[in-house]
Amino acid sequence: MMNMQTKWKNVLCLMVILLSVKNGFAQSKAKQYDICVYGGTSAGVIAAYTAAKLGKSVILIEPGQHLGGMSSGGLGLTDIGNKYAISGLSLDFYRKIGKHYGRFEQWVFEPHVAEKLFNDYVKNANVPVLFRNRIVGATKNGNQIVSIKLENPKENQTTSVKAKVFIDCSYEGDLMARAGVSYAVGREANAAYGETFNGVQLMNGHQMPQGIDPYKIKGDASSGLLWGIGSGTLAPTGTGDRKVQAYNFRICLTSNPENRIPITRPENYRPERYELLIRQMEKRTWKSLQDVFIWSGMPNQKTDINNRNGFSTDMIGMNWDYPEADYAKRAEIWKAHVDYTKGLLYFVGNDPRVPEHIRKEIAQWGYPKDEYMDNGHWSHQLYVREARRMKGELVMTQHHCQGRETVTDGIGMAAYTMDSHNCDRIVVKGEVRNEGNVEEGGFGPYPIAYRAIIPKEKEASNLLVPVCLSATHIAYGSIRMEPVFMVLAQAAATAAVQAIDRKIAVQQVDVAKLQRQLKADPLVDGSRPEIVIDNSNKGLVTVTGKWDSQTYGGYGPDFLVSSASADQPQSIRYKLDQSTMGKYEVFTYYPKRAKTATESKIAIFDGKNEKTILIKDSDVKVIGQTYGEWVSLGTYDFLGTQAYVDISASGAATVADAVLLVPRQ
């Protein structure tokens with residue numbers, strides 16, 4: 001029989017255990033780091049890698065079990081706009097992708113290739129990753145976040161993480177919200193910031209054909225609306241609301257029979273969900289899969305499938321609750337998107353109302369055996385195009401995108417079209433219409449303010465938010481690209497290190513110093529930076545003869561095209577300054593144009609010898625959504641004086657854009 005002292009010890013131990021198990025979650029000891037990165041997206045990986053390489057202790061927290069977010073989740077056809085905007089470790093990622101496929105750089109890739117590279121980043125920097133942990137609380141002391149509380153539902157455990165600086169790299173902005181930082185959800189009214197493409201927009205992009213009856217029984221309103229049509233009414237153009245642009249899955253399929261798993265009937269299959277697709281087909285001839293999907297090819301006979309036209313992979317109007325929903329509701333919305341998308345693929349391949357040639361076409365495709373092997377060969381990442389958006393020190397707007405306002409504290413650039421997928425599907429004048437799609441471009445790369453990735457100091461002095469950054473809905477539509485998120489994440493981590501070293505708030509960071517550091521050491525490893533000379537660099541570029549400027553399809557703000565009618569020599573000389581010493585591989589940028597010269601004559605002078613090279617159109621293979629490709633001109637040992645690269649007009653419409661020098665050992 002135990003004595004009284006032993007008995008009370010056991011009772012106390014039991015009480016401790018009971019107190020530590022709250023709501024079914026066992027408590028674990030708090031962990032302490034310099035920097036805590038929340039969200040293992042592409043941005044999260046780059047932020048964590050940067051912080052670790054700069055000598056700080058860092059932890060990366062990912063609610064799921066995979067790194068890379070959309071970049072490893074099916075978005076292999078990179079949305080970029082203009083390569084000029086991409087720098088540092090973000091560019092390094094696409095160079096590593098290129099190396100994998102035997103190219104200089106590549107922006108089109110398979111999901112598992114991207115995930116391996118993200119895993120390599122954290123491994124090479126010895127970054128610990130806490131998978132399957134999601135934020136449930138944050139503790140603050142005044143305006144400073146002291147710690148965050150995490151839960152692991154699978155292990156029934158909670159964990160606290162303390163840090164000097166936190167970086168929220170999630171697509172949802174969950175850490176930001178838990179920390180009490182102001183944010184927006186949905187669309188601002190145009191009047192709020194003097195914009196023209198925000199708020200309600202009824203445009204023609206990805207629109208339903210005219211004349212589609214919205215009712216289950218055509219012409220009978222009493223029969224109810226078809227699935228996928230909302231009951232709302234069309235508000236005036238530019239009206240603000242809390243509607244969120246549609247989410248979808250970027251689908252990876254394969255046509256390789258040896259790697260293909262058939263598309264079979266999924267659970268919760270409901271063919272009535274796709275009645276609008278049949279009615280769309282009745283109004284618009286369905287010639288191939290490309291009429292309903294953006295069916296883009298990836299390496300090794302795979303795809304990145306995206307939404308196209310009025311009814312496709314976007315689940316319009318079904319995600320409005322997602323940004324602020326609890327985890328159970330989000331899981332429900334996520335599962336609904338899975339069911340819908342798998343059901344759509346099965347419907348297209350099996351419903352007898354779908355044209356036979358379409359059913360035969362999709363039968364050549366299936367789920368890839370070598371992708372998402374622990375998730376039923378289905379993507380681990382829903383495309384959360386937009387959720388919360390911080391209201392920070394500065395709000396990026398349409399005016400910044402279009403160059404009417406320019407910031408001086410830029411720490412990254414964006415270059416994509418102002419892009420919003422549809423937000424709603426409603427009945428307008430008795431017909432089915434999609435609302436919210438916007439695709440407005442025609443502008444060059446523009447800087448993103450440091451003030452847009454930091455909250456107001458009174459709300460949080462040690463938090464940076466490079467993904468759910470401070471921007472209006474329509475400006476965010478241009479900024480929200482994976483390469484840009486990585487650029488901003490590197491800047492955020494570099495700023496966090498400066499804040500820690502100087503013991504200051506992130507709002508007090510020396511932005512000029514931050515800008516210099518990002519430029520001087522873009523790979524965070526002390527290596528020599530690349531040298532880029534764009535045609536717009538007046539100090540280093542000499543133009544001889546008549547050349548015209550074009551703004552679409554090149555690298556940077558513009559590129560030059562020689563005049564076919566010129567009767568004098570035409571050349572562009574890129575002068576290398578005294579700092580260009582050592583071995584470099586030289587590239588010239590070949591813009592994507594319908595008509596170019598048969599060949600371009602390029603001379604490279606290393607300070608001692610000159611070499612002339614002819615580049616033919618057939619030598620250049622443009623892949624993906626990029627505006628052109630870098631073409632190697634060879635490796636040279638530059639002497640640091642009087643060196644140059646000279647492009648001479650050779651036939652009609654010779655092009656001259658940027659020159660790139662990449663250090664080689």
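I'm calling a residue buried when its relative accessible area is under 20%. I start there because F293 comes out at 0% relative accessibility, and that cut-off puts it among the buried residues. One caution for my own notes: this is a predicted model.

**Entry: overall build**

I get 13 helices and 35 strands for its secondary structure. The radius of gyration is 27 Å, close to the 26 Å from the globule rule for 665 residues, so I can call the protein as compact as a globular protein of that length. I also took the spans of the C-alpha trace along its principal axes, and they are about 100 × 75 × 55 Å.

How much of the protein is buried? I get 56% of the 665 residues.

I then checked how far apart in sequence the contacting residues are. Taking contacts between residues at least 6 apart, I find that 76% join residues at least 24 apart.

**Entry: aromatic pairs**

Next I went through the rings, and my count is 28 aromatic pairs. I picked Y269 and Y274 to look at: their ring centres are 6.5 Å apart and their planes make 20°, so I logged the pair as stacked. The angle settles it, because planes under 30 degrees apart count as stacked.

Are these two tyrosines buried or exposed? I have Y269 as buried, with a relative accessible area of 13%. Y274 is buried too, with a value of 0%.

For an edge-to-face case I turned to F293 and W295, which I found at 5.5 Å centre to centre with 75° between the planes. F293 I had already put down as buried at 0%. W295 has a relative accessible area of 11%, so I count W295 as buried as well.

Which residues do ring pairs link into a cluster? I listed W227, Y269, Y274, F311, Y340, Y346 and F347. My stacked pair, Y269 and Y274, is therefore part of that cluster.

**Entry: arginines over rings**

Last, I looked for charges sitting over ring faces. I found R330 over the face of Y322, at 5.0 Å from the ring centre. I also found R388 over the face of Y183, and there the distance to the ring centre is 5.1 Å.

Key:
Residues numbered from 1 in each chain as written. Predicted model: local features only at pLDDT ≥ 70, side-chain atom pairs only at ≥ 80, totals over all residues. Heavy atoms only, no water. Phe/Tyr/Trp six-rings, centres within 6.5 Å; stacked < 30°, edge-to-face > 60°. Buried < 20%, exposed > 50% of the residue type's maximum accessible area, 1.4 Å probe, protein only. Lys NZ or Arg CZ within 6 Å of the ring centre and 35° of its normal. Helix = DSSP H or I, 4+ residues; strand = E, 2+ residues; numbered from the N terminus. Rg over C-alpha atoms; globule rule 2.2 N^0.38 Å. Contact = heavy atoms within 4.5 Å.
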